[in-house]
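Subject: Structure handover

Hi,

Here is the structure I promised to pass on. Please open it alongside this note.

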Amino acid sequence: MSSSAPLRALNIDNINPHVKAARYAVRGELAVRSEKYRAQLAKGDKGDLPFDTIIAANIGNPQQLDQKPITFFRQVASLLENPTLLEKEDILTEALGYKSDVIARAKWLLKEVKSVGAYSQSQGVPGIRESVSKFIEGRDGYPADSANIFLSAGASSGVNTLLHIICSKPESGILVPIPQYPLYTATLSVLDARCVPYYLNESHSWGTDLAEIRSAYDKAIAEGTDVKAIVIINPGNPTGASLPAADIKSVLEFAAEKKLVVMADEVYQTNVFEGEFLSFKKGLRDLQKASPGEYDNIELVSLHSISKGMVGECGHRGGYFELVGFDPAVAAEIYKFVSIQLCPPVIGQCIVEMMVNPPKESEPSYELYKSEYDGIYEGLKKRAFALYEAFKQMEGVSCQTPAGSMYLFPTITIPPKAIEQAEKEGRKPDEFYAFRLLDATGICVVAGSGFGQKEGTLHFRTTFLAPGTEWVGRIVKFHKEFMDEFKD
């Protein structure tokens, strides 16, 4: 008998190589180490750690960082999960503070879904899709059809669905903004399809650059790539940038010229601090109105989620995408694909309905809802600008003014000695910086290389979700000590 370990059907050499090739920096080695430190601190075993708390600034997970749930959403959800509470309406209203519109919404949603423990239609509950279409109409001023709305388990699920449909062969290519949320490159890797990177313009507030997009497209075509779609993240992740109307128009015109599907990731549409959010759906309809017949064949899919904004219900996994201009036969295949996964979480669908149809000014819950919503928004804005002001003070750091989303993406310039030390440790310079930051402060950020960046530049992405501003001072102190340590 051999003393070696028993043979298994699966080993690292015979599993799907495309899964092994995928990279997802947001939850990579840095995040794993931070969770190890968190567990150590939770046991009361601080040891020689030079900090008492972990700040998870690596991921947009608002409620992990003490963002409070919106009361209206959670009260309605509690009744959906336990409908027997509705048998005691007097206790709900008199003792527990539930307003009449909370009870009315829960009853309506229960009528639509029957039970949150039951499967829904694969495309999502019809009544909830109707609420989404009304929201889109109100936002953009153009009609929306609930038949074109697909509810999903967060926007990530929608992205996965759409890329599965679009990528038909290894030569299929998708134009992806760099820096980008690594969901796109990771999913393309798993699908054995091609990422066609186009760089955003940091000197112009991380805006799109049509010449850069065209150059990336032409290069990919010359290399034999079948470029089929362009991804836009607006407001940007990790950059935080909000696109102006002119950028949206130029992307749509390019998509029409090259017959590309436009994938508009708009999950941060309420996280806008400068200017206003303009949807790609509105941009398309405006273009079609101005030039009748010229842009009618553009295929646009827009995605939204309950995970971000002031809702922050990441764990409930809810979102939607809207198809515009798609061939009905293709839409039928999308329906078949989502049917294989049965349906999105029904409680998540219900929270989508509340996100797109919150309490109105005339309703009893409005005052508290508005107070909570505005308080979260102002808190995020305050912390974003506190971080921005701190970065302005730091040697070798520059950062765009906070415009939207939940992130800042500063450029860092570090001394040659630090770069040499990073090479000795087998790390990229920005990864080396991020690991040193974590080990010294307990603050977990994501190195810019995890999102892609122009060669010769270094960045890191940080959220501004953590409460208070004390932790910002930790970054400033660390950076000074780091620069002093590695100065020539």
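A disulfide here is a pair of cysteine sulfur atoms within 2.5 Å. The model is a predicted one. By that rule, the disulfide count is zero.

Cys-195 is in no disulfide; the nearest cysteine sulfur belongs to Cys-167 and lies 10 Å away. Cys-195 is partly exposed, at 30% relative accessible area. Cys-350 is also in no disulfide. The nearest cysteine sulfur to Cys-350 is that of Cys-343, 11 Å away. Cys-350 is buried, with a relative accessibility of 0%.

Next, helix H6. It covers residues 126–140, 15 residues in total. At 1.5 Å a residue, H6 should span 21 Å. Its end C-alpha atoms are 21 Å apart, so the two values agree. Just after H6, Gly-141 has a positive phi of about 80°.

Part of H6 is buried: Gly-127, Ile-128, Arg-129, Ser-131, Val-132, Ser-133, Ile-136 and Asp-140. What covers these residues includes helices H5 (100–113), H11 (280–290) and H13 (346–356). Strands S2 (149–152) and S8 (319–324) are also among the covering elements.

Last, Glu-353. This residue sits in helix H13. Is Glu-353 buried or exposed? Glu-353 is buried, because its relative accessible area is 1%, under the 20% limit. Leaving out residues up to four places away in sequence, Glu-353 touches Arg-105, Trp-108, Leu-109, Ile-128 and Ser-131. Ile-128 and Ser-131 are among the buried residues of H6.

Best wishes

Definitions and conventions: Residues numbered from 1 in each chain as written. Predicted model: local features only at pLDDT ≥ 70, side-chain atom pairs only at ≥ 80, totals over all residues. Heavy atoms only, no water. Helix = DSSP H or I, 4+ residues; strand = E, 2+ residues; numbered from the N terminus. Expected span 1.5 Å × (residues − 1). Buried < 20%, exposed > 50% of the residue type's maximum accessible area, 1.4 Å probe, protein only. Contact = heavy atoms within 4.5 Å.
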